[in-house]
Amino acid sequence: MSVTPLLEARGIDKRFGPVQVLKDVDLTVTPGEVTALVGDNGAGKSTLVKCISGIYPIDAGEFLFDGQPVTIHGPRDAAGLGIEVVYQDLALCDNLDIVQNMFLGRERRSGLVLDEPTMEQMAAETLAGLSVRTVKSLRQHVSSLSGGQRQTVAIAKAVLWNSKVVILDEPTAALGVAQTAQVLELVRRLADRGLAVVLISHNMNDVFAVSDRIAALYLGQMVAQVKTTDVTHAQVVELITAGRSGDLGLAAEKIDNGVEYADTLTTPGAEQ
Amino acid sequence: MRIGPSQEEVRRQNLGALLRYVHIHGPTSRAELTSELGLNRSTIGALTADLAGAGLVTEAAPRETGRAGRPSLVVRPESSRVYAYAFSIEVDQIRAARVGLGGQVLDLRVDERPHGLAATDAVPLLAEFVKELHHSVPDDALYVGSGVSVCRMMRRDDGLPRLTFTTEQIAAPLSAALATELGVERPVVAGNAGDVAALAEHARGTAVGCDNVIYLHRDAGVDAGIIVGGRRLSGHAGQGGQVGHMVVQPNGRPCSCGSRGCWETEIGEYALLKAAGRDPSTRTAGMLTVVDAASRGDASAQAAVRQVGDWLGFGVANLVNVFNPEMVIFGGTLRELYLAAAAQVRSRLNSMALPAARERVRLRTPQLGEDAALIGAAELAFEQLLADPLST
């Protein structure tokens, strides 16, 4: 799969006062693929996403969208490019139903009144297109939905607006097993439909289950962006915790703890 | 010596291709059929007229196109009129459904499968379902045949699984039972659970457009539906795809098949429950409890899921090296296990499979869920109609 990247961040720097949060970060996001963004707490994952979505201004670096340099000054610019972010807290309104939530702030009108039938139809088509079968009625209030269903609605909302890049911030945190499975399958389906998906997750199983590429941040630096087919679980954990694993990641002298790692091949089941 | 296919054969082929297209893709405009099938407009018109005459499709003007010009007629499969019976004999339940052309489940009956009930003994129960289902069938409906998906494991009286070989043996008695029940003789085709689910996912699920697919199916045992070059790989006697009985540990645990150290003894539901220190007779529900406990941080459950996931990746890596599939689908209860242990599965695959083979392989979960067995069984039943639409 040698597709041209849809979104490219180059040499992104971000400081908050004396603290340098992102140091010369590169990230490429390809359509039809899930790029998992991993890193320890405080590695800069959320900051990077907020820079991409225009919430934080960047201090240095550039963004390329579809190969063209773009400037992102605010969330409106990002939305205009087709970048949608689904946050952990979802930003859905409890007192509105599913259709109202999906069209919130962008309602369809026919003449003076809202065009409810069209909106309902578009919402239904979007959910059906994503093979979402868990939602009973589109006129259900969001307050009556489970965590997994809410996540589904939030993701479908991003899809409805013809987004090209969907960024998901820990979509499976705080979900049960069955709901996690549904959300992961939905994430995979988004990419299979040709969208570029960025998945932020702490859960290695989620990362390996759906991602095509893994981008690892370590103390504000992008230490590796690798194909999921080329790395093992242990290597990714090393990248997250030490910034280096074998030939991957930061060069050896940059790390001060000086620990050496060796690859070992064990028989199945021997690790635990 | 014949020079080429006769006109009659070409026609049959084209009729089949058109009917298959609307069967798989749903209502389609004549204009789209013309471009998709690469046939002349007038040929499409003639073929559609023939199929409509036989009551297999209907034609109607689209409601609104929003485009200028005379709208192209839309060809729809007669889903409510043309139907097949689809059966699924699973390890813990039996199901019967009436499935319309186009793959819609029109009506469904489900019951538990008692322990100790052999697959062939389920035939009278299925015939009973058909009797019930047949009450609601409209008079002008057309029955084209039946398909049955058979799980090769059965529960002994104590609830533990045992391997039986009955996939092919079930077609004849079921066919006889249906003939007496419905009064018409139609073909009954049987397939293994894994094969049938693979067929369904290949036709209208997550593997659409993929011609090299391995569908791993786990209920009490593990088997696979393998599609190579767009065709099902069933083996000489229809017994292929028993990947659960690849030996991975020569000195391993004894398996229900009589051998030792089969893959199934490491990744089966029994293995997972045993590794987690749970009661092995709690079956699927117990298996889901282990996965759930692991996600909540239970250390013994996590260790069990990792260990079994590691073994899952071990076998998948071998299969990927042998078959070089585009997609491996984790079906049945492997879906939950794969999602919970994907890191182990992937890591093992990445360290064992050949780079050229593993680079392109996509690991997926099924899209059709529980319905896959019934939809796949119906596909088996529709196969003959699609090969020669006007013969029935």
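What pLDDT does chain B average, and what share of the residues score at least 70? The average is 87, and 95% of the chain B residues score at least 70. pLDDT is the predictor's confidence in each residue, on a scale from 0 to 100. Where it is low, the predicted coordinates should not be read in detail.

**Conventions.** This is a predicted model, in which local features need pLDDT of at least 70 and side-chain atom pairs count only at pLDDT 80 or more, while totals for chains, interfaces and linings use all residues. Residues are numbered from 1 along each chain as its sequence is written, and chains are lettered from A and ligands numbered from 1 in the order in which they are written.

**Figure 1. The predicted complex.** The predictor assigns the complex an ipTM of 0.80 and a pTM of 0.85.

**Figure 2. Fold of chain B.** Chain B has 14 helices and 15 strands. These are DSSP runs, numbered from the N terminus: helices are H or I with at least four residues, strands are E with at least two. The radius of gyration is 23 Å, close to the 21 Å of the globule rule for 392 residues, so chain B is as compact as a globular protein of that length. The radius is taken over C-alpha atoms; the rule is 2.2 Å times the number of residues to the power 0.38. The C-alpha atoms fill a box of roughly 65 × 50 × 50 Å along the principal axes. Of the 392 residues, 48% count as buried, meaning that 20 or more other C-beta atoms, placed from the backbone, lie within 10 Å of the residue's own.

**Figure 3. Fold of chain A.** Chain A has 8 helices and 14 strands. The C-alpha box is roughly 65 × 45 × 35 Å along the principal axes. Buried residues make up 45% of the 272.

**Figure 4. Domains 2 and 3 of chain B.** Domain bounds come from an automatic or database domain assignment. Domain 2 spans 82-195 + 372-391, and domain 3 spans 209-366. Their C-alpha centres lie 26 Å apart. The contact takes 19 residues from domain 2 and 20 residues from domain 3. Two residues are in contact if their C-beta atoms, placed from the backbone, lie within 7 Å.

**Figure 5. The domain 2 side of that contact in chain B.** β9 (161-163) and α6 (193-204) each supply at least two residues of the side of domain 2 that touches domain 3.

Note on methods
Buried ≥ 20, exposed ≤ 12 C-beta atoms within 10 Å, placed from the backbone.
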